[in-house]
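Hi,

Here is the structure I promised to pass on to you.

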Amino acid sequence: MRLILLCFLVIICQETKSQVKFGVYSEEELLLEEVSFQPEAKVVTLWEEANSYFMVNGLHTDFHYRFKVLDDNHDNFGDILINFYRGKSLVENIVKINAQVSYLKDGLRITELLQKDQIKEVNLGGGEFQYVLIFPNVKKGTIIEFTFKKIDHQFGILEGWSFQKKYPALNSKYTFKAPIFFQYQMIMQGKKVAEAAVISEKKNLYSWLRKDVPSLPEEPFVGNLINYQERDDGYLYSSEYVNPDELESSEMIYANWKQLANRWLDYEDMSSYFILNPESIPNYPNFKLDSLSELDQAKFLFDYVSKKIKLLNSSYLEPIYPLNDLIEKNEGNSFDKNLFLVHLLRRKGIQATLVMVNDKAKGREKLIEVPFINQFHSSIISTQIEGKNYLLDASDSITPFGLIPPSKMVEKGFFLEKDKGRLEELNHSHRSGSIHYITLENDSSGTLRFKNQIRFLDLKALEVGEDLRKLKEVEKFLSEEPILKGNEIKNPSISDQLSSSRSIVLTFDSFVGNESEETIFLKPIQFSEFNNNPFTQDSRILPIEFKYPYFENFNISIPIPEGFVLDDFPEQTSLTIPSKGARFSYLVELATNQLNVLVKLEIHKDRYLSEEYPDLKYFLESVSSKLNAPIVLRKSTVL
């Protein structure tokens, strides 16, 4: 919610001067060639700092970053992105950008300030903006440095500071100074952050300085690193100007979830979606759906909103438009679209509630259970139709009725109901995975081929559908889809049943592999995500995270070609891990002139502790070995 700057905020909290002067490098920085505590690092943060303080026009934060490239610039490090939300009323703004690059040329150090054409502002739409800083001559030995000021008129929530990022940091500092009459609650993540905190007696000045901070490890199957960063966040929770007995009526702070929900719903653009008589709005849709069942009415309205209203790229925590503007423009963010669907469902007498959720791709997976609004990023809808509960998301036109994207599949959501605002657990119902039907056949030329049909279900189908939309051309999709990439296939076809049955069916022919006049080696399972074990590290630091629990089933039919006999095939196997969090079975059935194989792989959890890594690694090594084991046919010998 946009917090109005209090008229009595006239006390200025002067910023603390940085101990590092822009453009002045120490001999140690110039000579540095390796990070002692992380010698493999290609880039190091020499200094980074955020210094937050109040001025009469809002919360100011001065940022200062200094990086050095230690090796050949393989990652093309050098284009820096600064994102901010300007919105319709200058909610945030970036000013006073200063940047320079210092590099070696013929053994001499050259320093250049960035010019205007190297500092570009980009309008991302939906009130989102971005500055792009383009640093030239970034190579081994280069130091890039930049400073800027961010002005934030919503001082109720602090942006926070992460001490752990992509690159190791020699020094990482964050300072926050508030007027004496404000009290902020600081949320510190990580033992070392709490140990490094310096807090004034009156709790209006907070400071952290961390040295020699390693980057977070790059490991496969990790969700958002914010879950594991050493960081701190904060929010305004009290003020001397507010009577403690009147916290729930205060416009300054949020005392509990009910008060937060009421304040949010009272916001003008939000409340426009709950008006009782919207028919006076020009072009207001009037649907005649009384002949349909309640469920079919809901599906019709869902399709209308998800497909007709264009989704804008916006991380704003409120609707961009009031209801009348949304109808006129046919565009909006996640909140606009889902609020519009809530509005239409309620008009038909269907119970529906907007739920704010934290997007796992953008923020913490687990909620902080205090009214800290900045931890939310998007929305879904909770509804009850014909006695059954559904979670819906009309944000994106590709997401079908009854599913929500994996990134929004979190444990709890913030239910926005008048006088009933609350955190509540979310129950996600899905059966996601893939079913493979594989048969050995002769093609029209008499050549052996595998006939493949893969049916992707629920969230796995949604992923495939997103890939199809992103790559646009089916041929490009087939060449880039992970489980198909690198395999030669023929006669592909795709049946998109995502909106009707939450599935996508892919059929194609694939080559048998090694065959000769005497022997045929068959590897029918060519398109599993675990043909190769993704876990090759000896040890693991972070938990293992899958996007969601899922399965792979393979139904394989191998008719024995005339003139051949079955020579060898994999033995039956059943595997699990000690926690029972993953299972694998490989069953073989011998019939007359035919071999049938049934394979099931089940990943029961979306998160495994790092302590489970050895078990999971060994499990998937065994799975991979079994999936790649050949079935051998040998030419029969007639005596």
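Below is what I found, taken region by region.

Please keep in mind that this is a predicted model.

Let me begin with the strands. S22 (residues 433-442) and S23 (residues 448-457) run antiparallel and are joined by 10 bridges. His436, for example, has Ile454 in S23 as its bridge partner. The two strands form a hairpin, with five residues between them, and in that turn Gly446 has a positive phi of about 85°. S22 also pairs with S28 (residues 550-559), this time in the parallel sense and over seven bridges. There, Ile438 stands opposite Ile556 of S28.

Next, the cores. The largest nonpolar core holds 61 residues, and the members that touch the most others are Leu522, Phe546, Leu616 and Phe619. Helix H11 (residues 613-627) supplies the largest share of this core, with six residues.

Ala196 is part of helix H2 (residues 191-196). From Ala196 to Leu209 is 13 residues in sequence, while their C-alpha atoms are 6.6 Å apart in space. Setting aside neighbours within four places in sequence, Ala196 is in contact with Ser207, Trp208, Leu209 and Arg210.

Enjoy exploring, and do write back with any thoughts.

Best wishes

Note on methods. Residues are numbered from 1 along each chain as its sequence is written. This is a predicted model: local features need pLDDT of at least 70, side-chain atom pairs count only at pLDDT 80 or more; totals for chains, interfaces and linings use all residues. Side-chain values use heavy atoms; hydrogens and water are left out. Two strands pair if DSSP finds at least two bridges between them. Helices (H or I, at least four residues) and strands (E, at least two) are DSSP runs, numbered from the N terminus. A nonpolar core is a set of buried Ala, Val, Leu, Ile, Met, Phe, Trp, Tyr and Cys residues joined through side-chain atoms within 4.5 Å. Buried means under 20% relative accessible area, exposed over 50%, partly exposed in between (1.4 Å probe, protein chains only). Contact means heavy atoms within 4.5 Å.
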